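Work through the exercises below with the sequence and the model open. Each task is followed by a stepwise solution.

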Amino acid sequence: MKLTKMKLAIISVLGFSLSTSALAIDLYMDSETKQLFAEDGPGRVKLGTFEKVEDKTKQNEEIAEIRNDLKNKEQEFKELEEHVVAVREANAKNDEKWFNKINLRGYTQLRYNQKLTGDRTAGEPELRSNEGDKSIKDNSNFSFRRVRLVFSGDINEYVSLYIQPDFATSTGGSQNFAQLRDAYADLAFDKTHEYRIRAGQSKVPFGWENLQSSQNRLSLDRADALNSAVPSERDLGLFAYWSPTHVQKLWKDLSLKGLKTSGDYGVLGFGVYNGQGLNRDETNDDLYMVAHATYPIELDFLGSVFEGQVVEVGADAMSGKFNVSPVDYRTFDGISNKKPSADDKGNSEDRAAIHAILFPQPFGLQAEWNWGKGPTLNVTDNVIERKSLRGGYVQAMYKIDKILGSQGTLIPFVKWQHYDGPHKGAANAAYTHVEEIDFGFEWQMMKALELVMTYTMMDRTNTVVSTSSSSDYLGQASGDLIRTQLQWNY
C-alpha cells in the first residue's frame, strides 16, 4: 500500500493521540490505611484513571491545531492535483499543434579523393565526374559532398511534410551554398497511408538507387545510366503512391536489421512533373510522366536456406520533353561551334528500366538497367537530336556484423557500371561513355559514424565546356583513384 502525505499526516495525529493517552494515571487506595498508590496491590481498591487537567487542555489545543493544519494541507493537495490536471490538459493541447510534431535530423559527408593514375597528363583530357562528385578533378583535396538537414513530421493523421536543404552546393567554382532539395507534403487518404499523393519538389520515382537516400547508399555515387534520367533525382510535380500495410511493415523490418532499402515510394507509383531538373525554370508546356512498380518478396517458401531472405524486383518508365540549354563549345578534338540548334522532336525523351535487389543477409546483389532515347548533341551537324541510350550497373556486397564492437558493421562491395547515352544535366546534353569499377567497403562504426573507402577505376567522357584552346569537352579520360568519405549522422 502506498502512503501519501495525507495518510502519513493522519497516522501522525493518531499516534500522537495514543501517546497522549499514556500520560493518564491509575490510582489505588489501601482499604485499611486509606493511603493512595499508583500501582495495584493486596487490599488496594482502584479509584479510577486520572489526568492532569493542565496537560489535557494543552493536548486538546495541540490536537485541534494539528487537525486545522491537516485540513489546510488537504486543501493544498487538492489544489495541487487540480493544477497538475490542468497542466496535463494544456500540454496535450499543445502537443496537437503541428510545429510540436516536427522532427529534425541530418547528416554530413566529408570526402577526399586521391588520384593514382591519369587525371591530367600531357595530350589527354582531365578526368571529371561532373554529374556525380565534382571534386573529382585536378587540384582538389578535401570537400563537403553533402551537408543536409531534414525537417519532417505529421501535421495530422492525413497530412505530412518534408523539407530538406543542402548546405554543400557548389556553383561557379564557389562551394557550400544552401540549396533546397526537397519540399513536399504527403496527402493520405487513410490513416495507414496506403494511398497518398505527394505534392511539391521531391524525388522522381525512376530507378531504385535514385530513390535511395545518399545517407544510406553503399557506393559513393549513383550510377550514371539511371541518374542521367533525373539529374539530382528531384523535380517539381505531383506523384501518387500505393503502399500496402504489409509491404510497409516489411520495408521497416529490413531497415531495423540495418539493411539499406530505397525508402517507401510505393509498390505502385505514378507522377507528372516539370522535367527540367532540380530548381530550374520550366521551359515548355509539356509535362514529364513517370510510372514506378516494385515489390519485395520473402523467399522463405524456397526452404530453410532462404529463410529471412528478401528480393525486390520492379520496373519503371518515363516520357517527356527536355529543352536543352545550348552553349558555345570547343571540343577536345579542336572543333569550335556556336550554340547548337534544336527542334521540338529532338527534345523528346523516353526510357524504361528494370531493377532487382537481393538484400545482403549476409550476401547481396543489386542490379539496374535502362534503355531508351533522349536529346543529345550531334557535333557534326551542331544540332540537338534524339539518340539511343543504354546502361546500368551490377553491385555485389557482403554484410559482416559485430566488427570491432557490438555496434560495428562492415560491408565490402564491388560495383561495375556502364553507360552510353546523353547526360541532359551536362552542357548541351553531351553524349557520354562511362565505364567504372569500384572495389570498396563501408564501415559503420556506430549509428552516428560511417567510413567508406574505394579503389575506383574510371573511364569517362569529360562534359565540362570551355572555349579556350585547352578545352577537354567531350574528351575521353581515364584514371584510378582512392576515394574516402567520412559521414556523421545526427
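**Exercise 1.** Find the residue whose side chain makes a polar contact with Ser228, and describe the surroundings of Ser228.

Solution. Step 1: a polar contact of 3.3 Å joins the side chains of Ser228 and Tyr419; the term means a pair of N or O atoms within 3.5 Å, where within protein one must be able to donate a hydrogen and the other to accept it, and residues adjacent in sequence count only if both atoms are side-chain atoms. Step 2: the loop between helix H3 (224-227) and strand E9 (234-242) holds Ser228. Helices (H or I, at least four residues) and strands (E, at least two) are DSSP runs, numbered from the N terminus. Step 3: with a relative accessible area of 0%, Ser228 is buried (buried is under 20%, exposed over 50%, partly exposed in between; 1.4 Å probe, protein chains only). Step 4: leaving out residues up to four places away in sequence, Ser228 touches Arg351, Tyr419, Pro422, His423 and Lys424, where contact means heavy atoms within 4.5 Å.

The model is predicted: local features need pLDDT of at least 70, side-chain atom pairs count only at pLDDT 80 or more, and totals for chains, interfaces and linings use all residues. Residues are numbered from 1 along each chain as its sequence is written, and side-chain values use heavy atoms, without hydrogens and water.

**Exercise 2.** Classify the ring pair of Tyr195 and Trp242.

Solution. Step 1: the whole structure contains 9 aromatic pairs (Phe, Tyr or Trp rings, the six-membered one for Trp, with centres within 6.5 Å; planes under 30 degrees apart are stacked, over 60 edge-to-face, the rest tilted). Step 2: the ring centres of Tyr195 and Trp242 are 6.3 Å apart and the planes stand at 25 degrees, so this pair is stacked. Step 3: Tyr195 is in strand E8 (residues 195-203) and Trp242 in strand E9, 47 residues apart. Step 4: Tyr195 is partly exposed at 44% relative accessibility, and Trp242 is partly exposed at 29%.

**Exercise 3.** Which residues belong to the salt-bridge network that includes Glu233?

Solution. Step 1: Arg222 forms a salt bridge with Glu233, with the closest N and O atoms 3.1 Å apart (a side-chain nitrogen of Lys or Arg within 4 Å of a carboxyl oxygen of Asp or Glu). Step 2: Arg222 lies in the loop between E8 and H3 and Glu233 in the loop between H3 and E9, so the bridge ties together parts 11 residues apart in sequence. Step 3: Arg234 also bridges to Glu233, at 3.2 Å between the closest N and O atoms. Both Arg234 and Glu233 are buried. Step 4: through shared partners, salt bridges join Arg181, Asp182, Arg222, Glu233 and Arg234 into one network.
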